Amino acid sequence: MGIFRRACAIAAVSCAAVFSLSACGSDINPVAVPESGAAAAPTTAPSSSKTTTATSPSSSSDADLDIDVEIGDCVNLGGTVDDAVIDNATCGSRESNYKVVGKVGSSDECVSDIDQTYYETLGGVETGALCLDIDWVVGTCMELDGKNPVRVDCNDPAAEGEKVTEILQNSDDVEDCTISEGGFVYNERRFVVCTDSL
């Protein structure tokens, strides 16, 4: 069985990844596409407030993926331009960089403010998709300057990234952060990840 893997950068936070696996005479193509969600750039106070309708994470029984995950599970999405991979990970662990917030039949069913979309195609047709947010955990730090987010040691003086201080529900304004002066606003689902830069 031949394996071809390829990825290309589209956004500063994460990396678009395409690779195909030949199996039983058919091609399965897993694709990871960064979205223009909240983590594309941190917001600092003052920030303009937007009123949006909250959308709950979605789940579809039509999703047919090679990776076995459910909403709330975490994954490690990584690799390089020529070697992209996705695997299960324990949420909050050093390996985890994304949390599954939706499992749908097609990537266009994901809410607009997610950080990443992972989907697979068979014969050019999507067979399922994962809607992904960065695995934000209060008290931990994420480096966002690489192809994909990477959890780093907050106490490492050489570490760069964002330390999560609080996660606010029912808010779309970074000024609601009481501990931090900045953060990431998820407008559609109305929550804010408050962070301090390392």
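Author: Partly exposed covers the range between buried, under 20% relative accessible area, and exposed, over 50%. The model here is predicted.

Reader: Why is Cys 91 called partly exposed?

Author: Its relative accessibility is 34%. Buried needs under 20%, exposed needs over 50%. Cys 91 therefore counts as partly exposed.

Reader: What makes Cys 74 buried?

Author: Cys 74 has a relative accessible area of 2%. The cut-off for buried is under 20%. So Cys 74 is buried.

Reader: How do you know that Cys 74 and Cys 91 form a disulfide?

Author: Their sulfur atoms lie 2.0 Å apart. A disulfide needs the two sulfur atoms within 2.5 Å. The pair links distant parts of the chain, 17 residues apart. Cys 74 sits in strand E5, and Cys 91 in the loop between strands E6 and E7.

Reader: Why is the disulfide of Cys 74 and Cys 91 called right-handed?

Author: The torsion about its S-S bond is about 100 degrees, so the disulfide is right-handed.

Reader: What makes the disulfide of Cys 110 and Cys 131 left-handed?

Author: Here the S-S torsion is about -85 degrees, so this disulfide is left-handed. This pair also links distant parts of the chain: Cys 110 is in the loop between E7 and E8, Cys 131 in strand E9. Both Cys 110 and Cys 131 are buried.

Reader: Why does Cys 141 count as buried?

Author: Cys 141 has 0% relative accessibility. Buried means under 20%, so Cys 141 counts as buried. Cys 141 forms a disulfide with Cys 154.

Reader: How many disulfides does a search of the whole structure find?

Author: Four. Counting bonded cysteines along the chain, the pattern is 1-2, 3-4, 5-6, 7-8.

Conventions
Residues numbered from 1 in each chain as written. Predicted model: local features only at pLDDT ≥ 70, side-chain atom pairs only at ≥ 80, totals over all residues. Heavy atoms only, no water. Helix = DSSP H or I, 4+ residues; strand = E, 2+ residues; numbered from the N terminus. Buried < 20%, exposed > 50% of the residue type's maximum accessible area, 1.4 Å probe, protein only.
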